[in-house]
Amino acid sequence: MDKMPLLDVRDLTVEFATRRGAVRAVDQIDLSVMRGEILGIVGESGSGKSVTSYAVMRILDRAGRIAEGSISFSGMALQTLPESQMRDLRGREMSMVFQNPRAALNPIRKIGRQIEDVLLRHAQATRTDARAKSIAMLDRVRIARPEERYDAYPFELSGGMCQRVVIALALACRPQLLIADEPTTGLDVTTQKAVMELMVELTRERRMAAILITHDLGLAAAYCDTVMVMEKGKVVESAPSADIFSAPTHPYTKRLLQATPKPGSVLRDLVMDPQPEPPPPARPIQPGRILDVRGLVKTYGANNAVDGIDLHVDRGESVGLVGESGCGKSTTSMMIMRLLDPSDGSIQFDGQEIGAVPARAFATHPMRKRIQMVFQDPTDSLNPRFTAERAIADPIQRMGGSIRRDALRARCEELATLVGLPVHLLDRFPHQMSGGQKARVGIARAIALNPDLVILDEPTAALDVSVQAVVLNLLQDLKISLGMSYLFVSHDLHVVRLLCDRVIVMRAGKIVEQGTAEQVLEAPTAAYTRELIAAVPHPPT
Amino acid sequence: MRVARQIGQRLVTALPSVAGVIVVTFLLTRILPGDTAAYFAGPAATPAAIEEIRARLGLDQTLPVQFLRYVGDLARGDFGASLTTGQPVLADITARLPASAELVLVALVLAVAIAVPLGIIAALKERSLIDHACRVVATAGVSLPVFFTGLLLVYVFYYILGWAPSPLGRLDVFASAPPTASGFFLIDSLLAGDVETFRATLAQLVLPAATLAIFALAPIARMTRGAMLSVLGSDFVRTARAAGLSPNTVVMGYAFRNAVLPVITTLGMVFSFLLGASVLVEKVFAWPGIGSYAVEALIASDYAPVQGFVLVMAVLYLLLNLCIDILYGLIDPRVRIDA
């Protein structure tokens, strides 16, 4: 019936004014979305996918401007529309759902009132029925006990619930177009599934057009009709989502697809270009356990965050610790790292009990340098005032005994080479490096003292898939050549399967299943594990 | 109910601070050079007369004994007597505190009324002319010492332009003070329905209050600007914009209500600066406030008023911080839970 696309973007170019002149974030892109269609825009950081959506909504920040092109929305030319009319469209005709839902809501306003604000603004409700409509909207996004939750503040709700509220806010005025910018990044897989299904259901039911912006090809393919791949501000490929997976044409799409961990993929295959080197010679390992944890408990108030778990890691083994947020996996790793005192249980490291050493005293314990950690966010975990060299040298100076300055520099260079960090980058500060480079610094720092056990806490969660592919391979090679053991904490089952020999699944402080990676992922026995695996987005086949 | 209990708990936790202040002020006034007995006896007194006065003041006792007596007196509400004015310190302070409080509060209100809008505008128009102007004005205000600003204002508005009345106290020599209800002349004159006195009070108050306000502009304006900038860049403001909310709702309803939290914290600090700065302003404008009273007592080695002054200031400051905490809790639901 309506052959005219609802949103039609032609030759859109967005420039940002920077100190070094104008930078093109989006370069002459075309896109169109029909009513009832869901378009996926996929790309890595810096591809211009979010900027495209901000340009459509005309909410670019002050430095950005639409330099060229036309944006036609149900017949209106948005690029020239006065701001006052644009404001009427936003929220009423076109809405947006953002990443990081908790931050996307006003922290000091009741969620019900925030939905009312939008309803009242667009004259979709009056003072008398705003409350009822707001509650109805909360009910619509399946928030239990909506009357009660009307009075809740964002900090009182989980991330998934906050995202439902953001969706309610976006859909309250029945807009025709919904743009979702990484709506489920940072949410657990089961929550992601629920949020995505809710969003798709509501848009389908109202015959809305939707744009899903994501870095996750699998997610886009699972929920979108058409997928558009962007790289460095340009559209490199646009095709029905089934075709993108089965027959990608552009090399970048192929590379992206290759780098995305999926069932059946092998670590080495993730990286296409340049061809990865063959695995390094393995360091011989004496058999035995490096870590043995028994009956570990951590109590907070009346709750057990970790409720009596047993686990062990053999020398040269990598063990994945998987679970959703709040399952106790991070608390467990913090206790093993001796940053947190366990309430009960024993932690034996290389046959020696370290669980009884107070966390405060462990910094100077002789075992301390044999356990190291790589953190989730490569940016936040580096001191912004330390150069890469100083960050890497820091543990050596603290725990490696006295060392001469030139020897220290030589060691830092050696480590940098080991983790594939160009030596000339050693003098840079974190803000001068890319995410992948910072991740390498974090790894170099962790292996600087030749530890026996490295705890990896979601080390690639903040990285683009292509960078993640490289870093995962690096971690694997380092493990083999240095003979280390890994405890890999993650929520991403595919990544865990690639890197780990054994997998432990946690839920609510308890271990629900453990076994070899194949066993747990191919033939899970626990219902919860099956649920987790099913929640990972599957591209259409 | 819960709020009342929280206030009670806060007051209890403030008690050690008050005790500390009592000890420190007591010791400090004894350590300071100057012999009270000699000063009080006058230059022509014989050593015997000085000793007699010393004994009468209890200064011949050991420090612990003096301290116990001091604490015992405090418990009975007896702050001692001023040797220079001859009045009980409590009476002096209750007579003079409202003058200072009125001055500082009016100055604070004036500063907030100017600095907060200035900070908001500067944040909304970042790096514009208004932003730079705001910075220059604020920096200049805080760079000039208050006695200098005060004298400058007196010179311009009283001496040259003749707009302001003579800078001699809270009221003209010929006007009479309104009947005391709160001790704040502005409020008392209104309560008495005496518009003439109200105007006279206001005329006297404008210059000293402006002097203090100019000094207080910078921290408030800069803090407002900084807080607004970070809030305006936050995700929820973007959400509000993407939902089409009007600029007014976004800026005042969403952004400012969040940005006001650090500003309130700053206000507490600014208030204490102003209490300190008011000592000089009171001198310049012959303001019969508590600051000038304390300075005179200090110069005369008159212990009791100094101790009383420091104690009252400390208690005021504690109460002020309590108010700020309560206000914070009213605005930010997250603090309510944690408290």
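Is B:Tyr155 buried, partly exposed or exposed, and what is its relative accessible area? In this predicted model, where local features need pLDDT of at least 70, side-chain atom pairs count only at pLDDT 80 or more and totals for chains, interfaces and linings use all residues, side-chain values use heavy atoms, with hydrogens and water left out. Residues are numbered from 1 along each chain as its sequence is written, while chains are lettered from A and ligands numbered from 1 in the order in which they are written.

B:Tyr155 is partly exposed, with a relative accessible area of 46%, where buried means under 20%, exposed over 50% and partly exposed in between (1.4 Å probe, protein chains only). B:Tyr159, at 62% relative accessibility, counts as exposed. Both tyrosines, B:Tyr155 and B:Tyr159, belong to helix α7 (residues 146-160) of chain B and are four residues apart, about one turn of the helix; helices are DSSP runs of H or I of at least four residues, numbered from the N terminus.

Five aromatic pairs occur over all chains, a pair being rings of Phe, Tyr and Trp (its six-membered ring) with centres within 6.5 Å, counted as stacked with planes under 30 degrees apart, as edge-to-face over 60 and otherwise as tilted. The ring centres of B:Tyr155 and B:Tyr159 are 5.5 Å apart and their planes lie at 20°, so this pair is stacked. Ring pairs also link B:Phe26, B:Phe67 and B:Tyr70 into a cluster.

Definitions and conventions. Helices (H or I, at least four residues) and strands (E, at least two) are DSSP runs, numbered from the N terminus.
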